[in-house]
Amino acid sequence: MAVFPSTAAAQSAGRAQQRRSSSPPRNTKRRSRSQRAAYLFIAPIALGFLVFYIWPLLQTFWFSFTSFGAFGGNTWVGGGNYERVVRDVTVGQALVNTLLYMAMGLMTLPVAIVLADLMNRRGLRGVPVYRALYFMPFITMPAAVGLVWNWLYNGDFGMVNEVLSWIGVDGRYWISDPSTAVYAIGAVMIWSHIGYYLIIFIAGIKAIPRDYYEAAEIDGAGPVRRFFRITLPLLSPSIFFASVICVINSLQQFDLIFVMMSPENPALGDTQSIVTLFFKWAFAENAQGPAAALAFLLMLLIAALTYLQFRFQKRWVHYG
Amino acid sequence: MRRRTLLAGALAAPVAATTATGCTNGGSSSGTSGGGRTTISYGMWDPLQVAGMKKIIKAFEADHPDVSVEIQVTPFTSYWTTLKTGMRGGAAPDVFWMNAVNLQLYAEGGALRPLDEFIERDGFDMGVHPEELLRMYTYKGTRYAMPKDFDTIGLWYNKELFDKAGIKYPDESWTWETVRDAAAEMTDPRRGVHGIAAEMSRQYTYYNTIAQAGGYVIRDGKSGFGDPRSIDGLRFWTDLIDKGHSPSQSAMTDTRGRQLYLSEKVAMNYDLSAMASQLYAAPAIKDHGSVAVLPEGRRRATTIHGLAAAISGKSEHPEAAWKFVKFLGSRKAAEIQAREGVTISSYAGTQDTWVKSMPEFDLQVFIDMLDYAVPYPASKGTAVWENLQPQLLGGPFSGKGGIEGAARTLARQMDLALEQEK
């Protein structure tokens, strides 16, 4: 997992956007000196960002217009790579799968919110234990998670089918059956990310002043009403942040699929995401040019969805 | 996050690789000035063969005090990516393992140094290695790599399951018909036992039967999957699945054919010679397992593949690299390798050690099959059309959809891919 900005940072960023007024300029000389210090402080991260993010991004953009020699030598092919991306039938399938992963990823949020609310109930014991249990899958390597779940899903000896057989349900080959494979992977995705969102929401709920609840209780509001009228609206900045991160992450779903789906799996095509397709093109099939074009289009898609989310946040996000 | 890491990784890899060679070069140059020794690097992927390789290198260094060899092991999953990146950054090993799938791509891209001039100058007799292997590593009339080992496919069977069903063990007289009958006979759904594992695997299963049916995978830059005889070769397997004499591909994705054979859940499995030592390590299979030549279709065939050592086109020490490659292709190296028991050495007459290393198995069949072995098919962009196969054949191998339509679609798409490589 990459390092994510903290919730607080995202919230204050949101607030800053809300506040349009700026303070009047002070002594300009002092200001430029303190600015220089500020630049110095951000230099390490900015440099890393330039070298490891911006530069590869520009390179990818350039590669997306070239035919990439396996051992060096790029030749300009114009829009040919983009044409291949648009024409290739596997891209359409991968896009559908990727959007499915996104939808399943977003389903993590309501579950995490409810769990977070339950864990903030007064008088509940062992909260740190629950928190640790839910968070553990998130800090486990996705490769390990994928391998273990492959065993759980195993059609002949797997735990999942074993448990189902106790209640008389016939199991199946979960990850090699094209009709279930994508959901089987989605379930693991939800399972392994729930802890992360849970932590965000627990912190968000903790930040809501208790007086609101007490006042509502005096006015006769029940727990359900308090959840919908107080918790949800006041948690909305955290929910917004979580949904932005969630969309970005699930659109880039790669490692679980890569680990869980072997190349001989008959359901491979039904689970392939844009990024696994990118990997296949770039690193297995020597089609780095089209792969770069695909990666660039995915970035545009993510940027567009993120922009839309910021655009519509005003309608439902309350900064208290 | 994942894509970013990938891109960052792609960018960082050459940097890391360059630093790494920076060190090696530093080491070698100081070595050259110090003791007059040249250090060359040797890239390989199989950790099982490292011990044997170290012995071979020791013998080589004893013969050639002026050259020392450093092994670089990269896991197979990242071997080719790393090698390609290393080539772009000029940090690839001087000598490295090559396989049939990648040979043409690397040869065409100038990543390999042609061996012809060395072979002719030193009068090295390449004829000691099987002809099919030599052909595999020849591209446009130029030889690019020195074979070191080979593997063929055999019919592994479980004597206990055969005895239970009262069927005679497989031998040279077996045909496709015999396999079908035996598989039907030995399938026992109550005990979860299948007659055979009809796994969707290029090298282990259907490339063999396609050749046995008289079909082909690729010829003159055209796909052979649409050929009716090739389709017969594929149908041999899908029929076994449809009749329930083999688990479906869905089941064998979760538990591979080899695992089923190891746990005595299938009576027959087409598998690689190189797996012998792994099978031998399982007590049940050591007792109950053995191997026979592949049953005959319209003709006899087995797929042969082998690894070879190639010299990097960017190597700064081609002479030292050739000395090492020549040694790898020699009887001495082949004998050391054979004693390790991991692979069959390709040098003629050195296979006996390997055959005798596991007396319970009739390993001689793998050597006998050389007479009619068919080279593992490849082109410049092999990976592209290899990836198409599971996509299109996965359905029929899981009992969904007919094999004929799938094979014809595969042929069309493969032809498009072959068209694009040009």
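The model is a predicted one, in which local features need pLDDT of at least 70 and side-chain atom pairs count only at pLDDT 80 or more, whereas totals for chains, interfaces and linings use all residues. Residues are numbered from 1 along each chain as its sequence is written, chains are lettered from A and ligands numbered from 1 in the order in which they are written, and side-chain values use heavy atoms, with hydrogens and water left out. Helices (H or I, at least four residues) and strands (E, at least two) are DSSP runs numbered from the N terminus.

With its 14 residues, α3(B) reaches 20 Å from its first C-alpha to its last, close to the 20 Å expected at 1.5 Å a residue, the expected span being 1.5 Å times one less than the number of residues. Its buried residues are Y79(B), W80(B), L83(B), K84(B), T85(B), G86(B) and M87(B); here buried means under 20% relative accessible area, exposed over 50%, and partly exposed in between, with a 1.4 Å probe and protein chains only. Just after the helix, G90(B) takes a positive phi of about 70°.

G43(B) stands opposite F96(B) in β3(B), while Y42(B) has V95(B) of β3(B) as its bridge partner. On to the next strand, 4 bridges join β3(B) to β15 (residues 308–311) of chain B, and these two run antiparallel; in β15(B), the bridge partner of V95(B) is I311(B).

A further open sheet of chain B has 4 strands in the order β9-β12-β8-β13, again with mixed pairing. Its edge strands are β9 (194–196) and β13 (289–292) of chain B, each pairing on one side only, and neighbouring strands are turned by 30° against each other on average, direction ignored. The strands β9(B) and β12 (residues 266–272) of chain B run parallel and are joined by 2 bridges, with H194(B) standing opposite V266(B) in β12(B). Helix α8 (residues 176–186) of chain B packs on this sheet, touching β9 and β12 of chain B, and its direction makes about 135° with that of β12(B); contact means heavy atoms within 4.5 Å. Helix α9(B) also packs on the sheet, where it touches β8 (153–158) and β12 of chain B in a direction that makes about 90° with that of β12(B).

Helix α19 (residues 382–397) of chain B has 16 residues and reaches 22 Å from its first C-alpha to its last, close to the 22 Å expected at 1.5 Å a residue. It bends by about 25° at Q391(B), the bend at a residue being the angle between axes fitted to the seven residues ending there and the seven starting there. After α19(B) comes G399(B), whose phi is positive, near 80°.

Chain A comes to 15 helices and 2 strands, and buried residues make up 43% of its 320 residues. In strand β2 (residues 74–76) of chain A lies W76(A), which counts as exposed because its relative accessibility is 56%. Beyond residues up to four places away in sequence, W76(A) touches W62(A), F65(A) and T66(A).

Chain A averages a pLDDT of 88, and 90% of the residues score at least 70, pLDDT being the predictor's confidence in each residue, from 0 to 100. Over residues 1–22 of chain A, however, pLDDT stays under 50. Where pLDDT is low, the predicted coordinates should not be read in detail.

Methods:
Pairing = 2+ DSSP bridges. Axes fitted to C-alpha atoms, helices over the stretch in contact; angles between N-to-C directions.
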